[in-house]
Amino acid sequence: MPDNKSTEPKRGGWLSRFAPGVRKIVSRRSNDTPDNLWVKDPDSGEMLYRPDLETALWVTPSGRHMRINAETRLRFTFDDGRYEAIATPDVPEDPLKFSDGKSYKDRLSAARKAAGRKDTMMIGAGEIAGTPAVAIVQDFSFMGGSLGTAAGEAFIAAAHAAIARGVPLVCFTAAGGARMQEGALSLMQMARSTLAVQELKDAQLPYVVVLTDPTTGGVTASYAMLGDVHLAEPGALIGFAGARVIESTIREKLPPGFQRAEYLQEKGMVDRVVSRPEMAAVLGGVLSMLMDGRRRAA
């Protein structure tokens with residue numbers, strides 16, 4: 001029988017006609033294209049070019065303020081994006097030997113690998129619109145920004161750093177509540193962070209809170225609502241319990257926009273809703289005004 005395989009033309013598409021070296025270059029360039037070059041707008045469904053979105057400080061054309069990590073937040077906040085990183089304290093890991101089908105240590109390890117740092121909090125010191133300040137950022141991407149012993153110790157360290165430098169403290173909040181894997185130890189951080197805020201007040205230093213999406217649970221019940229001034233990003237979800245829990249408890253339908261930044265500003269819980277491109281300038285003005293009052297009092 002004749003060998004049909006030897007007479008059939010080879011099929012490799014148009015790329016097969018190129019020299020092997022050129023084919024390798026084309027393939028390599030194709031593989032180097034990042035998978036996340038386009039980001040979907042959660043409101044309109046439109047695909048947004050990532051570099052354009054970064055230039056817009058991660059604010060979509062529809063006005064949605066997308067969640068950003070702690071390092072990006074600090075760069076957007078401090079003048080020229082420059083700041084001194086302040087180390088967060090080490091704490092005992094997995095004190096309760098907790099497991100919910102997966103050990104707490106494994107969850108921490110995975111979160112650290114994804115975020116590139118120890119826990120949810122990140123601290124920086126620098127100038128905000130010309131006013132020296134310390135800022136602490138809570139990153140929701142690290143285990144939902146949950147409040148645990150590491151976050152509590154970091155908040156206290158940030159407060160002490162501000163007192164030592166004689167500058168105000170700015171806190172960007174974002175959390176789903178207390179960290180369940182640490183039980184009562186996480187709830188104790190509410191009281192400990194409250195005492196740290198009192199230390200700032202005793203030192204006559206301003207404490208300003210910027211509420212970002214979402215800020216809920218024990219964080220809202222402690223340091224998130226103890227600021228001298230409360231700013232919030234547009235559309236941020238801010239509250240203690242979830243809307244469905246509240247509705248089932250009071251057996252009433254909640255009003256539109258309930259627990260959103262604009263609604264809370266209308267009700268007096270938020271002083272001002274500020275867009276991300278304006279945040280650094282507004283923060284700088286507030287801090288400068290408050291520090292000038294402190295200097296005059298001294």
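Which residue in β9 does Ala-232 stand opposite? Ala-232 stands opposite Val-273. This is a predicted model, in which local features need pLDDT of at least 70, side-chain atom pairs count only at pLDDT 80 or more, and totals for chains, interfaces and linings use all residues. Residues are numbered from 1 along each chain as its sequence is written, and side-chain values use heavy atoms, with hydrogens and water left out.

**Overall make-up**

- The protein has ten helices and nine strands. Helices (H or I, at least four residues) and strands (E, at least two) are DSSP runs, numbered from the N terminus.
- Of the 298 residues in the protein, 40% are buried. Buried means under 20% relative accessible area, exposed over 50%, and partly exposed in between, with a 1.4 Å probe and protein chains only.
- Among contacts between residues at least 6 apart in sequence, 66% join residues at least 24 apart. Contact means heavy atoms within 4.5 Å.

**The sheet**

- Seven strands form an open sheet with mixed pairing, in the order β3-β4-β5-β6-β7-β8-β9. Two strands pair if DSSP finds at least two bridges between them.
- β3 (84-86) and β9 (272-273) stand at the edges. Each has a single partner strand, so one side of each is left without a neighbour in the sheet.
- Strands of a sheet pair through backbone hydrogen bonds, either parallel or antiparallel.
- α4 lies across β4 (121-128), β5, β6 and β7, and runs at about 10° to β4. Axes are lines fitted to C-alpha atoms, for helices over the stretch in contact, and angles run from 0 to 180 degrees between N-to-C directions.

**Strand β8 and its partners**

- β8 (residues 229-232) pairs with β7 in the parallel sense over four bridges. Leu-231 in β8 is the bridge partner of Val-210.
- β8 and β9 also run parallel, joined by two bridges.
- In a regular strand the side chains alternate between the two faces of the sheet. Val-229 and Leu-231 point one way from β8, while His-230 and Ala-232 point the other way. All are buried.

**The largest pocket**

- The largest pocket has a volume of about 400 Å³. A pocket, on a 1 Å grid over the protein atoms alone, is an open set of points where a 1.4 Å probe fits, with protein on both sides within 12 Å along at least five of seven lines. Grid points are joined across faces, edges and corners, and the volume is the space filled by probe spheres set on the points.
- It is lined by 30 residues, and the closest to its centre are Met-66, Arg-67, Ile-68, Phe-140 and Asp-213. Lining residues have an atom within 4 Å of a point.
- α4 (70-77), α5 (104-115), β5 (131-138), β6 (169-175) and β7 (207-215) are the elements that give two or more residues to the lining.

- Thr-131 lies in strand β5. It counts as buried because its relative accessibility is 10%. Beyond residues up to four places away in sequence, Thr-131 touches Gly-126, Gly-284, Leu-287 and Ser-288.
- Pro-42 lies in the loop between β1 (38-40) and β2 (47-49). At 45% relative accessibility, Pro-42 counts as partly exposed.
- Leaving aside neighbours within four places in sequence, Pro-42 is in contact with Arg-64 and Met-66. Pro-42 and Met-66 are 24 residues apart in sequence and 8.9 Å apart in space, C-alpha to C-alpha.
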